[in-house]
Amino acid sequence: MEFAQLYDRVEVDGAAEPLDISNLAGVWINSNPDTNGIARMEFSSFEGKPSVRVDAVGAAGLIDWGRASLKLLAASPASRTTAGFTCTYDFGFAETRLQAMIMKGLIVLAQFHKFKDDSGRMDYFVREYFAVVHDRY
């Protein structure tokens, strides 16, 4: 099978160029000031690859999750513009998978949290919205 849906049928000429990631650049903050989850994300290139650094809300301030490499996703099989990404953070006791799409100038972030420590806590899902920090106003 060469395609799973008609949308997948695309003629591509030549070698694939890297995705344009300029729409991800910078620091993005959670639109909910009362979040108990991820407060901010900073996108950059690390060792030549796109990455994100996440800060989450903690009892005594922000918790730096560190960097994660991004798997970038395009808007369509022929697109060269980044439309979303996935990445995974493994904390030992838990694993968090982030999946995002860029829509109308916002990042819609889906978070899948899985506990691995037999604590009895339920795995859970969160969706939040992030806006880029800028100095326009």
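Reader: Which residues form one aromatic cluster with W65?

Author: In this predicted model, one aromatic cluster includes W65.

Reader: How are the rings of W65 and F91 arranged, and which parts of the chain does the pair tie together?

Author: A search of the whole structure finds seven aromatic pairs. In the pair of W65 and F91, the ring centres are 5.0 Å apart and the planes stand at 70°, an angle over 60 degrees, so the pair is edge-to-face. W65 belongs to strand 4 and F91 to the loop between strand 6 and strand 7, so the pair ties together parts that are 26 residues apart in sequence.

Reader: Which arrangement do the rings of Y89 and F91 adopt?

Author: The centres of the Y89 and F91 rings are 6.1 Å apart. Their planes are at 5°, and because planes under 30 degrees apart count as stacked, the Y89 and F91 pair is stacked.

Reader: Is W65 buried or exposed?

Author: W65 is found in strand 4, residues 61-69. Its relative accessibility is 18%, and the limit for a buried residue is under 20%, so W65 counts as buried.

Reader: Which residues is W65 in contact with, leaving aside its neighbours within four places in sequence?

Author: One of the contacts is V54, which is 11 residues from W65 in sequence while the C-alpha atoms are 5.4 Å apart. With neighbours within four places in sequence left aside, the residues in contact with W65 are I38, V54, A56, Y89, F91, T96 and H113.

Reader: Which are the edge strands of the open sheet?

Author: The open sheet has nine strands in the order 4-3-2-1-9-8-7-6-5, with antiparallel pairing. Each edge strand pairs on one side only, and these are strand 4 and strand 5 (71-74).

Reader: What is the bridge partner of Q111 in strand 9?

Author: Strand 8 and strand 9 (residues 124-132) run antiparallel and are joined by eight bridges. Within strand 9, Q111 has as its bridge partner V126.

Reader: Which residues of the largest nonpolar core touch the most other members?

Author: This core holds 22 residues. Elements giving two or more residues to this core include strand 2 (38-46), strand 3 (49-58) and strand 8 (106-115). The residues that touch the most other members are M41, F43, V52, F85, I107 and L109.

Reader: How far apart are the closest N and O atoms in the salt bridge of R40 with D55?

Author: R40 is in strand 2 and D55 in strand 3, 15 residues apart, and the pair links distant parts of the chain. R40 and D55 are buried; for D55 the relative accessible area is 5%. The closest N and O atoms of the salt bridge lie at a distance of 2.7 Å.

Reader: Which residues are linked in a network of salt bridges?

Author: R53 forms a salt bridge with D55, with the closest N and O atoms 2.8 Å apart. A salt bridge also joins the side chains of R53 and D64, at 3.5 Å from N to O. The pair links strand 4, which holds D64, to strand 3, which holds R53. The residues linked in the network are R40, E42, R53, D55 and D64.

How values were computed:
Residues are numbered from 1 along each chain as its sequence is written. This is a predicted model: local features need pLDDT of at least 70, side-chain atom pairs count only at pLDDT 80 or more; totals for chains, interfaces and linings use all residues. Side-chain values use heavy atoms; hydrogens and water are left out. Helices (H or I, at least four residues) and strands (E, at least two) are DSSP runs, numbered from the N terminus. Buried means under 20% relative accessible area, exposed over 50%, partly exposed in between (1.4 Å probe, protein chains only). Contact means heavy atoms within 4.5 Å. A nonpolar core is a set of buried Ala, Val, Leu, Ile, Met, Phe, Trp, Tyr and Cys residues joined through side-chain atoms within 4.5 Å. Rings of Phe, Tyr and Trp (its six-membered ring) pair if their centres lie within 6.5 Å; planes under 30 degrees apart count as stacked, over 60 as edge-to-face and the rest as tilted. Two strands pair if DSSP finds at least two bridges between them. A salt bridge is a side-chain nitrogen of Lys or Arg within 4 Å of a carboxyl oxygen of Asp or Glu.
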